[in-house]
Amino acid sequence: ETGQFLLDVTARGALMPGADGYTAARHVRLVHAGVRHLVRAHVRESSGDAGEETEPINQEFLIGTLISFSLSILQLLDTMEIEYDQSAAEDYVHLWNVVGFLLGIDADLLPFDRDDLRQLDLLIRERNFGPSTAAHEMTGALLTVLRGMVPRWMSSVPQTLMRLLVGEEVADDIGVPKKGWSAWLLIRARPVVRLLSALQLHSRLMRRMARHTGRHVWQGFIDSKRRAGRPRFEVPDHLARAWRVENRTES
């Protein structure tokens with residue numbers, strides 16, 4: 001559903017009032033409000049106090065999530081040494097500022113530029129990051145899903161990409177496994193990577209691998225069996241053609 005949300009809010013014209021992205025963002029904001037209400041009620045029943053430290057989905061967490069969808073994506077491209085248009089990157093950050101506003105980030109805090117987000121990212125990491133049993137469980141569940149969506153010979157690629165992109169410390173905190181043949185190719189073969197970069201081949205190689213893996217993941221999302229009452233995952237037609245995935249019609 002997060003993947004569907006990303007597609008909805010980033011489509012052309014998606015954030016105009018009444019458009020799919022606008023509606024999706026407002027829906028998520030209502031879900032957040034419902035979660036806050038339920039958690040506050042639970043805390044009051046348990047301890048009689050819903051103090052500030054227990055406030056769920058607060059402004060700090062919303063901003064942290066905004067960073068994960070905006071700045072972090074650009075940082076991942078930098079890590080993978082994939083070139084991109086810097087002007088388009090600024091537009092992308094602005095788009096997520098608008099999404100953040102629709103999700104409930106205080107208008108007095110917006111807009112954030114990339115430097116703002118870098119500083120906030122460091123602060124939020126310092127205040128909130130650390131080992132977590134829940135994170136281990138969620139990471140394990142996510143890896144199980146992703147392994148089922150790529151060819152068997154690529155089964156170690158999701159965990160290797162996770163470790164490469166989030167960094168060793170965070171990967172250890174959330175329980176990302178270290179083993180896998182792809183670790184040598186993507187992480188340990190630094191001299192080879194430097195050589196490929198010098199020959200201007202690395203960016204093309206990483207693009208090709210990301211495209212191949214991504215195609216299988218998106219198709220897996222489309223083909224996945226959803227629980228009753230859950231919406232069907234669907235890629236917009238123009239992206240389906242570009243990514244060479246096939247939307248399935250309900251039988």
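A residue counts as buried here when its relative accessible area is under 20%. With that cut-off in hand, here are the views of this predicted model.

Figure 1. From the N terminus on, the elements run α-α-α-α-α-α-α-α-α-α-α-α-α. Of the 251 residues in the protein, 36% are buried. Contacts that reach along the chain also deserve a look: among those between residues at least 6 apart in sequence, 61% join residues at least 24 apart.

**Figure 2. Gln4 sits in helix α1, which spans residues 2-10.** Is Gln4 buried or exposed? Its relative accessibility is 16%, and the cut-off for buried is under 20%, so Gln4 counts as buried. Setting aside neighbours within four places in sequence, Gln4 is in contact with Arg232, Phe233 and Glu234.

**Figure 3. Helix α4 covers residues 71-79, and its buried residues are Leu71, Ser72 and Leu74.** Seen down the axis of α4, these buried residues fall within an arc of 160 degrees, so they line one face of the helix. Which helices do the buried residues of α4 pack against? Their partners are α3 (59-69), α5 (86-103) and α6 (114-128). Follow the chain on to the stretch just after α4, and you will find Glu81 with a positive phi of about 55 degrees.

**Figure 4. Helices α3 and α6 cross at roughly 120 degrees.** Two packed helices are described by the angle between their axes and the distance between the axes. For α3 and α6, the axes come within 10 Å. The crossing angle of roughly 120 degrees makes α3 oblique to α6. As for its hand, the crossing of α3 and α6 is left-handed.

**Figure 5. A closer look at the contact of α3 with α6 shows residues from both helices meeting.** Which residues take part on each side? From α3 come Glu60, Phe61, Ile63, Gly64, Leu66 and Ile67. They meet Leu117, Leu120, Asp121, Ile124, Arg127 and Asn128 of α6. By residue type, the contact of α3 with α6 divides into 7 nonpolar, 2 polar and 3 charged residues.

Conventions: Residues are numbered from 1 along each chain as its sequence is written. This is a predicted model: local features need pLDDT of at least 70, side-chain atom pairs count only at pLDDT 80 or more; totals for chains, interfaces and linings use all residues. Side-chain values use heavy atoms; hydrogens and water are left out. Buried means under 20% relative accessible area, exposed over 50%, partly exposed in between (1.4 Å probe, protein chains only). Helices (H or I, at least four residues) and strands (E, at least two) are DSSP runs, numbered from the N terminus. The arc is that of the directions from the helix axis to the C-beta atoms. Contact means heavy atoms within 4.5 Å. Axes are lines fitted to C-alpha atoms, for helices over the stretch in contact, and angles run from 0 to 180 degrees between N-to-C directions. Angles under 35 degrees count as roughly parallel, over 145 as roughly antiparallel, 65 to 115 as roughly perpendicular and the rest as oblique. A crossing is left-handed if the near helix is turned anticlockwise from the far one by less than a right angle, and right-handed if clockwise. Ala, Val, Leu, Ile, Met, Phe, Trp, Tyr, Cys and Pro count as nonpolar, Asp, Glu, Lys and Arg as charged, and the others, Gly among them, as polar.
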